[in-house]
Number of protein chains: 2
Amino acid sequence: MKLDDLDLKIIDELMKNSRLSMRELARLLNRSAPAISERIKQLESFGIIKGYTIQIDYGKVGYPVCCLFEVTIKGGQYDTFKKYVSNLPQVEFCHRIAGSACFVLKRYFHSLSDVEQFIDEVSPFATTVTHVVFSSVETKPFISL
Amino acid sequence: MKLDDLDLKIIDELMKNSRLSMRELARLLNRSAPAISERIKQLESFGIIKGYTIQIDYGKVGYPVCCLFEVTIKGGQYDTFKKYVSNLPQVEFCHRIAGSACFVLKRYFHSLSDVEQFIDEVSPFATTVTHVVFSSVETKPFISL
DNA sequence: GTTGAAAGACACCATCC
DNA sequence: GGATGGTGTCTTTCAAC
């Protein structure tokens with residue numbers, strides 16, 4: 001699918017606020033509601049918009065600890081690891097990467113002792129390098145161009 | 001703020017679909033719409049729900065390359081780096097971390113040559129270790145408990 | 001926290017440009 | 001491709017309980 005300026009602007013606005021109605025979106029972008037509505041249906045059906053979600057403060061929800069892990073698989077147990085990870089809660093992502101490690105994984109925890117437990121659980125099929133997150137630099141929502 | 005089961009369920013549902021109306025949410029959780037509405041207002045005002053956004057396929061939007069960077073600041077130029085990063089587009093996050101590196105940053109690019117350019121731009125005030133993302137392991141949306 | 005009513009906003013469709 | 005107008009539905013919000 002070929003995206004034009006309007007599509008990108010719609011994505012931009014929905015990035016900032018996914019609860020906008022078609023009508024509000026139309027007003028913001030000086031179009032009619034049906035025009036916007038049709039674009040969004042397309043964006044959804046092409047899998048460009050994959051979902052509508054919220055951003056939460058993990059700390060306030062009981063997960064004050066965030067870690068990034070470089071994961072190196074032992075003895076080719078890739079599938080064991082993948083299956084294990086895909087059922088773990090509080091995993092923001094798990095990417096296969098180029099470089100010395102095999103995966104990078106980001107996960108939220110209740111406490112540091114839960115981090116320790118996670119590392120222990122993984123240890124039969126992978127070694128890990130752990131990065132504890134202290135804080136975050138604020139970044140822009142997205143796109144614009 | 002103390003969160004109870006209902007709050008967590010609301011967060012869970014909104015994680016899966018942030019466009020749910022109060023009424024639909026109420027139906028899903030066997031409550032009345034005003035009850036849900038008030039909870040959400042609280043969750044917002046306490047900063048627990050930080051925003052409503054969409055998930056997009058970055059590849060289909062012109063950013064097929066994703067990289068993670070371990071960033072080590074040179075000569076204490078932290079503020080230079082932070083300021084630079086906070087105005088960069090397509091940065092998913094930039095975390096200050098414990099360990100050998102200072103930051104971990106995730107960013108999307110049009111091409112590998114844009115990655116190269118980014119590394120060059122950062123080089124005056126930081127050294128980088130680059131991890132190119134090949135693919136992702138599917139993970140659960142979130143929370144539940 | 002629930003219910004019920006009222007007002008308003010909404011999405012959708014058909015039609016037309 | 002996009003705009004307009006009408007219809008019926010759904011929404012939120014408020015008051016009373």
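In chain A, ring pairs join A:F69, A:Y78, A:F81, A:Y84, A:F103, A:F109, A:F118 and A:F125 into a cluster. Rings of Phe, Tyr and Trp (its six-membered ring) pair if their centres lie within 6.5 Å; planes under 30 degrees apart count as stacked, over 60 as edge-to-face and the rest as tilted. The model is predicted, so that local features need pLDDT of at least 70 and side-chain atom pairs count only at pLDDT 80 or more, while totals for chains, interfaces and linings use all residues. Residues are numbered from 1 along each chain as its sequence is written, chains are lettered from A and ligands numbered from 1 in the order in which they are written, and side-chain values use heavy atoms, with hydrogens and water left out.

By the ring rule, there are 19 aromatic pairs over all chains. One of them is formed by A:Y58 and A:Y108, which are stacked at 3.7 Å centre to centre with 10° between the planes. This pair links distant parts of the chain: A:Y58 belongs to the loop between strand 1 (49-56) and strand 2 (65-73) of chain A, A:Y108 belongs to strand 4 (residues 103-109) of chain A, and the two are 50 residues apart. Helices (H or I, at least four residues) and strands (E, at least two) are DSSP runs, numbered from the N terminus. A:Y58 is buried at a relative accessible area of 16%, and A:Y108 is buried at 11%. Here buried means under 20% relative accessible area, exposed over 50%, and partly exposed in between (1.4 Å probe, protein chains only).

A:F81 and A:F103 form a tilted pair, 4.8 Å centre to centre and with 40° between the planes. Because A:F81 lies in helix 4 (residues 78-86) of chain A and A:F103 in strand 4 of chain A, the pair ties together parts that are 22 residues apart in sequence. Both A:F81 and A:F103 are buried.

We turn next to the two chains together. A:H95, in strand 3 (residues 91-97) of chain A, is buried at 7% relative accessibility. Its side chain makes a polar contact of 2.7 Å with that of B:S136. A polar contact is a pair of N or O atoms within 3.5 Å; within protein, one must be able to donate a hydrogen and the other to accept it, and residues adjacent in sequence count only if both atoms are side-chain atoms. Leaving aside neighbours within four places in sequence, the residues in contact with A:H95 include A:C102, B:L68 and B:V133, where contact means heavy atoms within 4.5 Å.

How are the two copies related? Two copies of a chain are related by a rotation about an axis and a shift along it. Chain B can be laid on chain A by a turn of 180° and a shift of 0.0 Å along the axis, with an RMSD of 0.0 Å. The copies are therefore related as by a two-fold rotation axis. The superposition is by least squares on the C-alpha atoms of residues with pLDDT of at least 70 in both.

The protein also meets DNA. Of the atoms of DNA strand C within 4 Å of the protein, 78% belong to sugar or phosphate and the rest to bases. Phosphate oxygens of DNA strand C lie 2.4 Å from a polar side-chain atom of A:R23 and 2.5 Å from an N or O atom in the side chain of B:S32. For DNA strand D, a phosphate oxygen is 2.7 Å from an N or O atom in the side chain of A:S32.

Key. Near = heavy atom within 4 Å.
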